[in-house]
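Welcome, and thanks for taking a look at this one with us. Here is a short briefing to read alongside the sequence and the structure.

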Amino acid sequence: MQRQAPHRSSSTTLAPLQNEVFRSIWTATQISSLGWLVQTTAISWLMATISASDLMVALVQASSTLPAFFLSILAGAIADSFSRRGVMLAGHYLIALASLTLAISVALGFISPWLILGLGFVAGCGFALNDPAWHASVGDILEKRDIPAAVTLMSVGYNIVRSTGPALGGAILAFFGPLAAFVLAALSDLVPLAAISRSKWHVRSSPLPRERVATAIHDGLRFTAMSSEIKAAITRGTLFGLASISILALLPLIVRDHLAGGPIVYGALLAAFGMGAFTAGLSSSYLRRIVSQDRLIALAAVACALCCVALAQTPSLPAAALALALGGGGWLLTWTGIDVSIQLSSPRWVVGRTLSIYYALSYGGMAAGSWIWGTVAQNYSLSLAFEGAAGVLLLVAAAAFVLPIELWEESDQQASEFVPPSLALDLKPRSGPIVIKVEYLIAEQDVDAFLGCMRERRRIQSRAGARNWTLQCNLQDPTLWTETFRTPTWTDYLRLNHRLTAGDQEIGERLAALHDGESVPQTVLAIERTTISVRTRSQPITRVSRP
């Protein structure tokens, strides 16, 4: 069933700009994006002029997106475990380093296709670090009701820049040469570094010790694997990226081979793509009121398919510009809708990791798509590459029937307050394993409702860290049911309870309402012991606590 927040709870698109920290970083990001698009335009055209290989031209897009596939999951775990502000700074330092090195190399006349791809890869590493931390920080900086508007604003802002950056890049290339474009990009990278350095925001601290990065990655993967709505969004995003990247990856070849144009034409067509995305961003709120989110994403994939077909067939510059405007609108509506769905489906403790998994797979899809469509264009024809991408995009649109993306709901994804129970034993943080048992008395007529709640309970507890979850019915007293699960250590038990959100707690309340006893369901905590352990009399083996 699709769920949507009441319209009254959402804010206007510009509302997040009232927050000083968000406004400062958002503005700096647009300036940096302007420089990056100027640089990307220059790099793509430079590669088309120094390399005769269609594949090398297409790999320009892959070089900057492939690092996200390899590093985003690690970056998401780092963003959830360390200072997100510090991770953002590290990412922008890498981007600035790549831009500065490229400018120096061009100034010295030392440039080659492999150097261009290598520096694009370094910049991509910076984006892989920055993007999960920045998007996850939106929920720290702003109120929850402003998150959809903020994500839309971030996409719209980027596409405002996209509508002018490529055209500016083409003009700079035509009149001043590539060096000027690379110097401008290097200078623009300093702006977000300054904005993030002077901006600070409150992040709710955890009373528990920091997780190891490997454990954090494992927990993020487990949470994602057990969240059907997030899996559906990520799968469709990956397939969309695989097919839709053909538009940007092969556009320099369209300009060079079909339109016989130069850098100004290339920049103008990229501007048309950005203008389409900008227009779609401004109208996204209206579109979501008249069309369901799932259907809107499917229609956006169809729009990108039509763009590919038009680019494959038309030798006309105005027709290509109109097709790219349509493709730009579909591009923005798809990525914005999926991004917001994942953000609002993820609790704060794991949002950096779920976003990073989404970025890793979607950017991996784009990197693979750049290589696939570039290979098809080189070995067969450019038209065939676009027609093949259009066919895949139509399949992506049809995937809405088997992988529906649920609309977000305004449930509280902040961790609920948890007071640790008093214990008779002096446990250490690494003590364990811990066994948790919860006993319920369920009348026969309530068993079906109880089992339905337990299915959801198992999913919630398991993705928060519960291991070996089971449910038993007492053979001698069929009204007595016992829920049992384990955590490796006492700290893991505390972390599990700190991860449960207010929305997760609703299942516990429903189970308590089904409980037929005079008091609330009883929770029994125990620690496993082996028979070979040597215990003193002051440390009994079987003491338990009933919180």
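## A proline in a loop

Pro 433 has its place in the loop between α15 (382–398) and β1, where helices (H or I, at least four residues) and strands (E, at least two) are DSSP runs numbered from the N terminus. A cis peptide bond, with omega of about 0 degrees, joins Gly 432 and Pro 433.

A word on the source: this is a predicted model, in which local features need pLDDT of at least 70 and side-chain atom pairs count only at pLDDT 80 or more, while totals for chains, interfaces and linings use all residues. Residues are numbered from 1 along each chain as its sequence is written, and side-chain values use heavy atoms, with hydrogens and water left out.

**Aromatic rings**

- Rings of Phe, Tyr and Trp (its six-membered ring) pair if their centres lie within 6.5 Å, and planes under 30 degrees apart count as stacked, over 60 as edge-to-face and the rest as tilted; by this rule the count comes to 13 aromatic pairs.
- Phe 22 and Trp 134 are stacked, because their ring centres are 5.8 Å apart and their planes are at 25 degrees.
- This pair links distant parts of the chain, with Phe 22 in helix α1 (residues 20–50) and Trp 134 in helix α4 (residues 113–141), 112 residues apart.
- Phe 22 is buried at 0% relative accessibility and Trp 134 is buried at 5%, where buried means under 20% relative accessible area, exposed over 50% and partly exposed in between (1.4 Å probe, protein chains only).
- Tyr 358 and Tyr 359 make a tilted pair, 5.3 Å centre to centre with 40 degrees between the planes, and both tyrosines are buried.
- One aromatic cluster is formed by Phe 240, Phe 273, Trp 331, Trp 335, Tyr 358, Tyr 359 and Tyr 363.
- Arg 499 lies over the face of Trp 349, at 4.1 Å from the ring centre; the rule asks for NZ of Lys or CZ of Arg within 6 Å of the ring centre and within 35 degrees of the ring normal.

**The β2–β3 hairpin**

- Strand β2 (residues 467–473) and strand β3 (residues 480–487) pair in the antiparallel sense over five bridges, and two strands pair if DSSP finds at least two bridges between them.
- A hairpin joins β2 to β3 through six residues.
- Leu 471 has Glu 483 in β3 as its bridge partner.
- Asn 468 is found in strand β2, and has a positive phi of about 55 degrees although it is not a glycine.
- Asn 468 is exposed, with a relative accessible area of 54%.

**Helix α10 and what follows**

- Helix α10 (residues 251–258) has as its buried residues Leu 251, Pro 252, Leu 253, Ile 254 and Val 255.
- Ala 260 is found in the loop between α10 and α11 (263–290), and has a positive phi of about 50 degrees although it is not a glycine.
- At 67% relative accessibility, Ala 260 is exposed.

- Ala 367 lies in helix α14 (residues 351–379), and is buried with a relative accessible area of 6%.
- Ala 367 and Phe 69 are 298 residues apart along the chain, yet their C-alpha atoms are separated by 8.3 Å.
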